[in-house]
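Trainee: I would like to go through this model and ask what the terms in its description rest on.
Mentor: Go ahead.

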Amino acid sequence: MACTITHIVLAVQLCVLAVGARTNLDKQSSDFNLSKILPLVDEDGICNLVVEKQGYVCQEHKVITKDGYILSLQRIPEGRAGKAANKIPVLLQHGLLMDAVSWMINSPDESLAFILADNGFDVWLANTRGTNYSRGHTSVDPNDPSYWDWSWDELVAYDLPATVQYVHDQTGQKLHYVGHSLGTLIAFAAFSQEKLLNSIRSAALLSPIAYLAQMSSFLAKTAADAFIAELNREAAVKLLEDICKNPENNCSDLMTSFTGPNCCVNSSKTNDFLDHEPQSTATKNMIHLAQMIRQGTIAMYDYGSADENNKHYGQPTPPVYNMSSIPKNLPLFLSYGGQDYLSDVDDVKTLLNALKDHDADKLLTQYREDYAHADFVFGENAKQVVYDPLMAFFKLQ
């Protein structure tokens, strides 16, 4: 597959993840989005554009966070056979640079959102702030720099609680949660603060991320060596174009370079993926993740000095999200892969060590040696490998 501008800019975004904190924050652009490259948002939403085309009933919902962001939320209340959901609601939370469509790129028999619906679950699909269908705000325009002044701290404090509470209120039931990548990080952080517990029945966390010090992404290391984040956006794009022109470099394999050698992703779905992804995020969010890589901790955003941190937190260093504070009786299903460059096995072991006192019958771990980061969402055999055990876990809770 040819090296496209979308691939190149995605690579720039991913490179910033590794070294973004080296840049001068005063010179950062206020957002890090792809809205100038991606197609304009259609007036229709994800239901009409994706879900209903596969033969499913779908509802569009809107959620307003306490800080004014208007989030898009989709509901699939029944399976293809028309049978209404008879099981617990499940909320799916996507990862970084993704949106809810990521759960539905594959065929209905291979996509988790549709598999859950066909198995009787009441499926809800979250879309975090800044993504194409969650660009609304009660008072701020997305073109205003202040709209992009957030990191995943705000997803923990506002987006996730608002979405979970909305589903709980609409259904009158505690729900199951499924997160992938960043969707696991914000859940871990919220659970460590004992948030959401009155509304969450259990959580399935795919490619779990709490620690990033061992991340082995080739792109991230290359970016660090080349100081790509020190360059301006145009120079970085030019550099990556030159890289792609070299016949020895396979730019169609950027996903592998970043996520690891995915065993089971159908390459024919690449164009479907690029029709909807990657999505926008805030520069501050990328920098926050870069801080985690460099410092090896899971903590709130570091404003760069004791004085600035004192202004925001009342202490010279950012508060830590303590993983050992996650309630020991919260049912958790963790599934991770041996080829994952982002959710590295050693980082997962650090997380599991923090959870060593968790009730043994409430913590189920699954390890798949051949799986990399994208396999958990796009893998053709993920139903058999991950989703069937996930649903069996839900049925026990």
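Mentor: Of the 397 residues in the chain, 55% are buried. This is a predicted model, in which local features need pLDDT of at least 70 and side-chain atom pairs count only at pLDDT 80 or more, while totals for chains, interfaces and linings use all residues. Residues are numbered from 1 along each chain as its sequence is written, and side-chain values use heavy atoms, with hydrogens and water left out.

Trainee: Why is threonine 281 called buried?
Mentor: Buried means under 20% relative accessible area, exposed over 50%, and partly exposed in between, with a 1.4 Å probe and protein chains only. Threonine 281 has a relative accessible area of 3%, so it is buried. Threonine 281 sits in the loop between helix H9 (270-276) and helix H10 (283-295).

Trainee: What makes the link between the side chains of threonine 281 and asparagine 285 a polar contact?
Mentor: The term covers a pair of N or O atoms within 3.5 Å; within protein, one must be able to donate a hydrogen and the other to accept it, and residues adjacent in sequence count only if both atoms are side-chain atoms. The two side chains are joined at 2.9 Å, and the pair is listed as a polar contact.

Trainee: What makes the span of H10 close to the expected one?
Mentor: The expected span of a helix is 1.5 Å times one less than its number of residues. H10 has 13 residues, for which 18 Å is expected, and it reaches 18 Å from its first C-alpha to its last. Just after H10, glycine 296 has a positive phi of about 70 degrees.

Trainee: What are the counts of helices and strands based on?
Mentor: They are DSSP runs, numbered from the N terminus: helices are H or I with at least four residues, and strands are E with at least two. By that rule the chain has 14 helices and 9 strands.

Trainee: Why are strand S1 (residues 59-64) and S2 said to pair?
Mentor: Two strands pair if DSSP finds at least two bridges between them. S1 and S2 have 6 bridges, in the antiparallel sense, with lysine 62 opposite serine 72 in S2. Their hairpin has 4 residues between the strands, and there glycine 68 takes a positive phi near 95 degrees.

Trainee: Which other strands pair with S2?
Mentor: Strand S5 (residues 136-137) does, antiparallel over 2 bridges, and so does strand S4 (residues 122-126), antiparallel over 4 bridges. In S4, leucine 125 is the bridge partner of glutamine 74. S2 (residues 69-76) has 7 of its 8 residues buried, so it is largely enclosed by the rest of the structure.

Trainee: What makes a set of residues a nonpolar core?
Mentor: Its members are buried Ala, Val, Leu, Ile, Met, Phe, Trp, Tyr and Cys residues joined through side-chain atoms within 4.5 Å. The largest such core has 55 residues, and Leu91, Trp152 and Leu332 are among those touching the most other members. Helix H5 (182-192) is among the elements that give two or more residues to this core, and H5 has the largest share, 8 residues. A second, separate core has 42 residues, including Cys47 and Trp103.
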